[in-house]
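Visitor: I would like to learn how labels are given to residues. Could you take me through a few?

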Amino acid sequence: MFELTEEQKMVKSAAREFVVNEVIPVAKEIDKEDRYPEKIVKKLVELGFFGMTLPEKYGGGGMEYKSYIVAVEELSRGMSCLGTIMSVQNTLYALSLLEFGTEEQKEEYLPDLCNGKRFGCFAITEPEAGSDIASIKTKAVRDGDEYILSGQKEFITMADVAKVAIVFARTDQSADKHKGISAFIVDTNSEGFNVEKPIEKLGGHGVHSCPIALKDVRVPKENLLGKENYGFYQALKVLASGRISVAARSVGIAQAALDAAISYSKQRKQFGRYISEFQLIRAKLAEMAIKVDTARLLTYRAAWLKDEGKDYVLEASMAKLHASRIAREVASEAIQIHGGYGYTKEYDVERYYRDAKMGEITEGTNEIQLLIIANELLKRGIA
Ligand SMILES: Cc1cc2nc3c(=O)[nH]c(=O)nc-3n(C[C@H](O)[C@H](O)[C@H](O)COP(=O)(O)OP(=O)(O)OC[C@H]3O[C@@H](n4cnc5c(N)ncnc54)[C@H](O)[C@@H]3O)c2cc1C
């Protein structure tokens, strides 16, 4: 578990080389323009980063989840939006289909994800249902061979580039709120499926999150994903895997901030000495490195448990909470080490700080992670 396998080392060095040559030179510009990095994503498709963990028969790479996690970490080290794009496609979208799709659905959608022809998005959040996803109001009413979906979704990442959406809607109005939800595979070109203007956000630029208005969208009954009224439980399962991915993105951002702080401290002189010679700066660097390493270890452990087929819900939440928290702290310290220049757009550390914050909110806020961790601890009992 502590050593990367040959496969993971290969993925890490391929991702790093790509980041150094193709990402770092344009990262500042993409952040400033908040532009989707289409060319970079195309190259990542060619290199096989989409569908890495999917079975080869669907065009995937058949790799371990941990290899994918290493890729997310390295790509996020260059630009966090790449970690987000990887996560939405390889976990939220791909795993929804892989875990719950019929063979026909997998054959229809997974190859097109791997070859980049059709990306997806995952739409559960609504204006009045964020942490409490079981209270969604979007309705799906059966009408002959179709369902008719209507409602409003909020914050849906990649909705503006996705050709397919996994949409969660209420199929049983009378059931207990967790029990009446189902998931649907929806073509984003369907009549009545309206992706609204992207929400302006603090960081994570390069990938957009948009509201979606669903007005009487007709979906063939064959596009029900998984069992009717089991959507809530399906979402929980996919989100648990997704959290390991959010943790990896956070580790990547934190590592980038630490790299920048080390490098700056060896160049900047004050009082006639490099600031790296001051003990207070050294202590900061040491604390930052411990934080990055502990977050990485928690993240790799969660991925390893998933690969081993063991329960990882508790560990995924721990990794996500800790990594996103330390990413914000490490990025803040990196700004501090850069002094006034760290607070300017000239250096990358202010971007890392803005990007790091996102991890504390998405795929279940860190308050919700505390609830999950406590719940799992009490369920598992004393070891
Ligand atoms: C950049 C970005 C991208 C996103 N992408 C997607 C996406 O692709 N698909 C999607 O479906 N959603 C997406 N989301 C939505 C995201 O999952 C929600 O924002 C998140 O789950 C929190 O919901 P909320 O914003 O409604 O906050 P609320 O649930 O209103 O929470 C507000 C505050 O109250 C706290 N709180 C809530 N309940 C409790 C409780 N029981 N105990 C203690 N504290 C509590 C929260 O932790 C938070 O601090 C995205 C959000 C962002 C910001």
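Guide: Here come some labels and the values behind them. This is a predicted model: local features need pLDDT of at least 70, side-chain atom pairs count only at pLDDT 80 or more, and totals for chains, interfaces and linings use all residues. Residues are numbered from 1 along each chain as its sequence is written, and side-chain values use heavy atoms, without hydrogens and water.

Visitor: Why is phenylalanine 2 called exposed?

Guide: Its relative accessibility is 70%. Exposed means over 50%, buried under 20%, and partly exposed in between (1.4 Å probe, protein chains only). So phenylalanine 2 counts as exposed.

Visitor: Why is aspartate 34 called partly exposed?

Guide: Aspartate 34 has 22% relative accessibility, so it falls in the partly exposed class. Aspartate 34 sits in the loop between H1 and helix H2 (38-46). Helices are DSSP runs (H or I, at least four residues), and strands too (E, at least two), numbered from the N terminus.

Visitor: What makes the phi of aspartate 34 worth a remark?

Guide: Phi is near 50 degrees there, a positive value in a residue other than glycine. Most residues other than glycine have a negative phi. Phenylalanine 271 also has a positive phi, near 50 degrees.

Visitor: How do you know that the buried residues of H2 are on the same side?

Guide: The buried ones are Ile40, Val41, Leu44 and Val45. They cover an arc of only 145 degrees around the axis, so they lie on the same side of H2. The arc is taken from the directions from the helix axis to the C-beta atoms. On the other side of H2, Lys39, Lys42 and Glu46 are exposed.
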